[in-house]
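Welcome! Please take a moment to look over the sequence and the structure below, and then read on for a short tour.

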Amino acid sequence: MAMVAVSVHHQFLFFSTKSILRSRNLTNPSCFSPYTANILLNSHKKNQFSFISCSSSQTPETADIQTPESCVNLGLQLFSKGKVKDALTQFETALSLNPNPIEAQAALYNKACCHAYRGEGKKAADCLRTALKEYNLKFGTILNDPDLASFRALPEFKELQEEARLGGEDIGNSFRRDLKLISEVQAPFRGVRRFFYVAFTAAAGISLFLTVPRLFRAIQGGDGAPDLLQTAQNAAINIGGIVVFVALFLWDNKKEEEQLAQITRNETLSRLPLRLSTNRIVELVQLRDTVRPVILAGKKETVSLALQRAERFRTDLLKRGVLLVPVIWGEGKETKIEKKGFGIRPKAAEALPSIGEDFEKRTQSISAKSKLKAEIRFKAEVVSPAEWEGWIRDQQKSEGVTVGEDVYIILRLDGRVRRSGKGVPDWLQIVKELPPMEAFLSKLER
């Protein structure tokens, strides 16, 4: 007796970022992509995906009919079994069967995951670019998915992220729109300033338009001609005002682009994975309000020296919530991408908790926070060194520091960069600078 997977509603292929995150903790972690987790989760829900028995009288043609949805589901099953090439074929078939937007988004995203698994960064980026532009895929899904860690370490992801930050016809404006919303919260008066820049520029332009004929009359002279000096001064003031306000407008635009770039780097930083002393893997965002990470990046000798000197102040640094994160240049190139979990070892993937909003809601309970704090020790290990190195190098470029130089970066409790420096940090100065975790200043920093 054959078993056929049947779906009642196509709408269950669609999900928000929040549903992705929520589904991770409830499904088999061996299912690599968010779409895998979501659809397999739906298979256990009533009136969504169910298995029915087909009698022997059913025609073969009915059983063999291919739909975009059935191809996506079959591809996910093959993918979960490690048959990536066969899964890729199914996702490509789904795209050739005139899928609806929801099915197309699912097929493209999972096709990108297959390419990322095979180390085909350009093909993965092309699939994601199409899903972003034509099927409203949220860029946050790509940023939040730990299964795409290997892809995020590739230059193709950097190009895709930069395109998404700038926006445009080739990739859509949803990510840039989200960034601008965050930017407006951080700089609430930028819009007001721009309004006045435009208004004053327009006023100066109108005044100049009316002043130019008077200036010509003043130059020609004759009875009733306006005073030449006064008219020339008025024209000069208007021209100067236009130049100043246009320059201020352009300067504000430049500052906004720099802020958007910084927000993008902060978002990338928050998704970088760490392995705690208990072998549990978390993303940096999960440690917010709990620790102050200090990133030590450089040659092995420099990082080892910094760790050795930090041991002298271990007790004082722990009181201030310091978590050391060593990143040695070149380790990312030597790290081999695992063939399961997109760069995360299977055991680590099994220990991976849910992330994002769902995790933050769960950690509101005292017991969950206490458990996480108990797992945090003095030092953590980076999981994807190439991603960490990429972020650090981008940060060095933004601050005008020579790329590849030995540096340290101190983060705040809220996850933003507090300050940075070159070489080995002065731990005594850091102890004096950082307030204890129980202090009032630390509460304000959260």
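Arg-275 stands opposite Ile-281, a residue of strand 4. Before going further, please keep in mind that what you are looking at is a predicted model.

## The sheet around that pair

Strand 3 covers residues 273–275, and its pairing with strand 4 is antiparallel, over three bridges. Both belong to an open sheet of three strands, whose order is 4-3-7 and whose pairing is antiparallel. Which strands lie at the edges of this sheet? They are strand 4 (281–283) and strand 7 (381–382), as each of them pairs on one side only.

## A look at Gln-90

Now let us move to another part of the chain. Gln-90 sits in helix 5, which runs over residues 84–96. Is Gln-90 buried or exposed? Its relative accessible area is 13%, and because buried means under 20%, Gln-90 counts as buried.

Which residues does Gln-90 touch, once neighbours within four places in sequence are left aside? Gln-66, Cys-71, Leu-74, Gly-75 and Leu-78 are in contact with Gln-90.

## The chain as a whole

Stepping back, you can find 22 helices and nine strands in the chain. The chain has 446 residues, and 46% of them are buried. Of the contacts with a separation of 6 or more, 69% are between residues 24 or more positions apart.

And the surface? The chain exposes about 22900 Å², with 56% of that area supplied by carbon and sulfur atoms.

Note on methods:
Residues numbered from 1 in each chain as written. Predicted model: local features only at pLDDT ≥ 70, side-chain atom pairs only at ≥ 80, totals over all residues. Heavy atoms only, no water. Helix = DSSP H or I, 4+ residues; strand = E, 2+ residues; numbered from the N terminus. Buried < 20%, exposed > 50% of the residue type's maximum accessible area, 1.4 Å probe, protein only. Contact = heavy atoms within 4.5 Å. Areas by Shrake-Rupley, 256 points an atom, 1.4 Å probe, with all protein chains shown as cover. Pairing = 2+ DSSP bridges.
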